[in-house]
Amino acid sequence: MNFTSTRARMAYTLPGLCLSLSMTGFAAPALADDSERPTLTVYTYESFVAEWGPGPGVEKAFEAQCNCDLNFVSLGGGVDILQRLRLEGDSSAADVVLGLDMNLIDEARRLELLAPHGADLSTLQLPIEWHDDTFLPYDWGRFAFIYDSEILPDPPTSFEELLDAPDDLKVIISDPRTSVPGLGLLLWIKHIYGDQADEAWQRLSPHILTVASGWSQAYFSLFMNGEAPMVLSYSTSPAYHMAVDNTDRYQAAEFSEGHYLQIETAAMLAGSEHPGLARQFMDFILSEDFQREIPLGNVMYPAVDLGAELPEVFERLIEPDSFTFTPEEVSANRQGWIREWLNATTR
């Protein structure tokens, strides 16, 4: 996830700029005496490499120590990264993929394209234990509905209140087939309602203003333009507004049923042309130089304890109970639960 100033938000909507970022990454123009430096290619999502995201800072810090060029290739999101890996197979140009969340890693693992990361996990600070030797967490958060307090001063405090609200209370969500947050909402509802999830979706349907293809469209193109008072995002989203926009206007609604947890990961490819460099980058991910870019760059919790470097506004965020399915449960049921969502919302 990511945020930007008003000027940057406007730039974000320019297709030409997005295309340019996707094709070129953020590598500085090569100098003549840099021609022999190896290039480490990292597939990630577009908001990570945007000029206001963590990508530029990560690139600068890593290139200062690797004697290499770090080339980010921007894709739409975690679902797109998984699909690119599936299509390219052993011929993938990626050395590292960064942006698969824990709901996609079991499917990615079964492609048999990834290698053990070899990183030291002893410094991880996550809300759950993590021992995976292939997928390395780099940040985490909880899905939440963000509301505009000037339009909706009394937001729902539970899913039940949202489902029972008057029909004119509208929310913006994302498509679970194309969006990681959209999939997160699907799992959130399934975890709470179980066999009654289809009924919950039918009750939510009158409140859905639109289903966006991805988080950026939902948040910036629609919610920030006042199209609806609530949008599916993360409980950490208000941190950016409080720290950078200097406003408490946008807050996360805390639901009494608890919130679905998300952990984002990176993994290196077994077929990488630069395995030593890829492993160096994996070690770098848990360093302070990488992690300090996360709180206000990716607007998520860092995967390690940053101490006093964690922005003060994170102490003002909601801290709800959270839960998750296992990656194996998601992989085994994802398509079936998506069909359930489609059937319930198109009746």
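Which residue in strand 10 does D101 stand opposite? In this predicted model, the residue facing D101 is E264. That pairing belongs to a set of five bridges that join strand 3 (residues 96-101) to strand 10 (residues 259-269), with the two strands running antiparallel. Strand 3 is mostly covered, with six of its six residues buried.

Strand 3 also has a link to strand 1 (residues 39-45), this time in the parallel sense and through two bridges. Here V42 sits opposite V96 of strand 3. Strand 1 pairs with strand 2 as well, again parallel, over seven bridges; one of the pairs puts Y45 across from L75 in strand 2.

Strand 2 (residues 69-75) is mostly covered too, and seven of its seven residues are buried.

Next come the helices. Two packed helices are described by the angle and the distance between their axes. For helix 8 (residues 180-193) and helix 9 (residues 197-204), the axes come within 8 Å and cross at roughly 120°. Helix 8 passes helix 9 in a right-handed crossing. On the helix 8 side, L185, L186, I189, K190 and Y193 make the contact, meeting A197, A200, W201 and L204 of helix 9. Sorted by type, the residues of this contact are eight nonpolar, no polar and one charged.

Note on methods. Residues are numbered from 1 along each chain as its sequence is written. This is a predicted model: local features need pLDDT of at least 70, side-chain atom pairs count only at pLDDT 80 or more; totals for chains, interfaces and linings use all residues. Side-chain values use heavy atoms; hydrogens and water are left out. Axes are lines fitted to C-alpha atoms, for helices over the stretch in contact, and angles run from 0 to 180 degrees between N-to-C directions. Helices (H or I, at least four residues) and strands (E, at least two) are DSSP runs, numbered from the N terminus. A crossing is left-handed if the near helix is turned anticlockwise from the far one by less than a right angle, and right-handed if clockwise. Contact means heavy atoms within 4.5 Å. Ala, Val, Leu, Ile, Met, Phe, Trp, Tyr, Cys and Pro count as nonpolar, Asp, Glu, Lys and Arg as charged, and the others, Gly among them, as polar. Buried means under 20% relative accessible area, exposed over 50%, partly exposed in between (1.4 Å probe, protein chains only). Two strands pair if DSSP finds at least two bridges between them.
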